[in-house]
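My plan is to begin with the whole chain and then look up a few places in it.

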Amino acid sequence: EAPADLDARGAMLLGAHYAGIAIEQSMLGATHACANPLTARYGTTHGIAIGVMLPHVVRWNEGVVGKRYADLTGGDAGMEPDARLPALLDRLARAGGLPATLRELGAARADLPSLAADAAGQWTGTFNPRPFDANAALTLYEKAY
C-alpha cells in the first residue's frame, strides 16, 4: 500500500515500480510477442500495439485458462463469462481512442506472414498459457487485421 503522503511524482514512480514487478513475474506472453514486430516494423507505440492485440489474444487463450478470465470481470448478465474480458478490453481501447485493427496501424495483409514469423521468435511468446508459434501468431494477426 502506498504511503498517504506520496506526491504525484512519487505515485507515478511507485506505479512504474509495481508495473515492472508485474511484468517480471508474468513474463508477458503472446500479446507482447505480437506487439514487438508491430512496434519495430511500423513505429507503433508499444502500448498501442498491445491494445490492438490484447483482446484477440485473450479470446484465443480462453480455452486454456479456465474461468480465470471470467473471474477478472465479475458478473454481466448479458454476456457469457468467457466473452466479458475481451469485450471489456475492446471497450476500454475504444474509450481511449486506440486503433482497433492492424490496418489502422498501417499494416498490409501481405505483411502478416512475416510479422508472424517475427512474433514466433520473441521469447515472450514462450510464456503464453497456450502454446504460441508462427501459426498461432498468424491466426492472431488475421483476427486483428
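**Entry 1: the whole chain**

I began with the contacts in the protein chain that have a separation of 6 or more, and 68% of them are accounted for by residues 24 or more positions apart. I note here that I am working with a predicted model.

Next I looked up the elements: the protein chain has seven helices and zero strands. Read from the N terminus on, they run α-α-α-α-α-α-α.

I then checked the extent of the C-alpha trace, which spans about 55 × 40 × 30 Å along its principal axes. The accessible surface comes to about 8200 Å², and carbon and sulfur atoms hold 58% of that surface. Of the 145 residues in the protein chain, 35% are buried.

**Entry 2**

Two packed helices are described by the angle between their axes and the distance between the axes. I looked up both for one pair.

The axes of helix 2 (residues 30–42) and helix 6 come within 8 Å, and they cross at roughly 120°.

Which residues make the contact? From helix 2 I listed Ala33, Cys34, Pro37, Leu38, Arg41 and Tyr42. From helix 6 I listed Ser114, Leu115, Asp118 and Ala119. Sorting the residues of this contact gave me seven nonpolar, one polar and two charged.

**Entry 3: Thr44**

I moved on to the loop between helix 2 and helix 3 (46–65), where Thr44 has its place. Is Thr44 buried or exposed? Its relative accessible area is 8%, which is under 20%, so Thr44 is buried.

Setting aside neighbours within four places in sequence, I found Thr44 in contact with Leu38, Thr39, Ala49 and Leu105.

**Entry 4: Pro99**

My last stop was the loop between helix 5 (81–95) and helix 6 (112–120), where Pro99 lies. Pro99 is buried, with a relative accessible area of 16%.

What does Pro99 touch, leaving aside its neighbours within four places in sequence? I noted contacts with Ile48, Val52, Arg94, Glu104 and Leu105. Leu105 is also on my list for Thr44.

I checked one distance too: Pro99 and Leu140 are 41 residues apart along the chain, and their C-alpha atoms are separated by 16 Å.

Notes
Residues are numbered from 1 along each chain as its sequence is written. This is a predicted model: local features need pLDDT of at least 70, side-chain atom pairs count only at pLDDT 80 or more; totals for chains, interfaces and linings use all residues. Side-chain values use heavy atoms; hydrogens and water are left out. Helices (H or I, at least four residues) and strands (E, at least two) are DSSP runs, numbered from the N terminus. Buried means under 20% relative accessible area, exposed over 50%, partly exposed in between (1.4 Å probe, protein chains only). Contact means heavy atoms within 4.5 Å. Axes are lines fitted to C-alpha atoms, for helices over the stretch in contact, and angles run from 0 to 180 degrees between N-to-C directions. Ala, Val, Leu, Ile, Met, Phe, Trp, Tyr, Cys and Pro count as nonpolar, Asp, Glu, Lys and Arg as charged, and the others, Gly among them, as polar. Accessible areas come from the Shrake-Rupley method with a 1.4 Å probe; for residues, only the protein chains shown count as cover.
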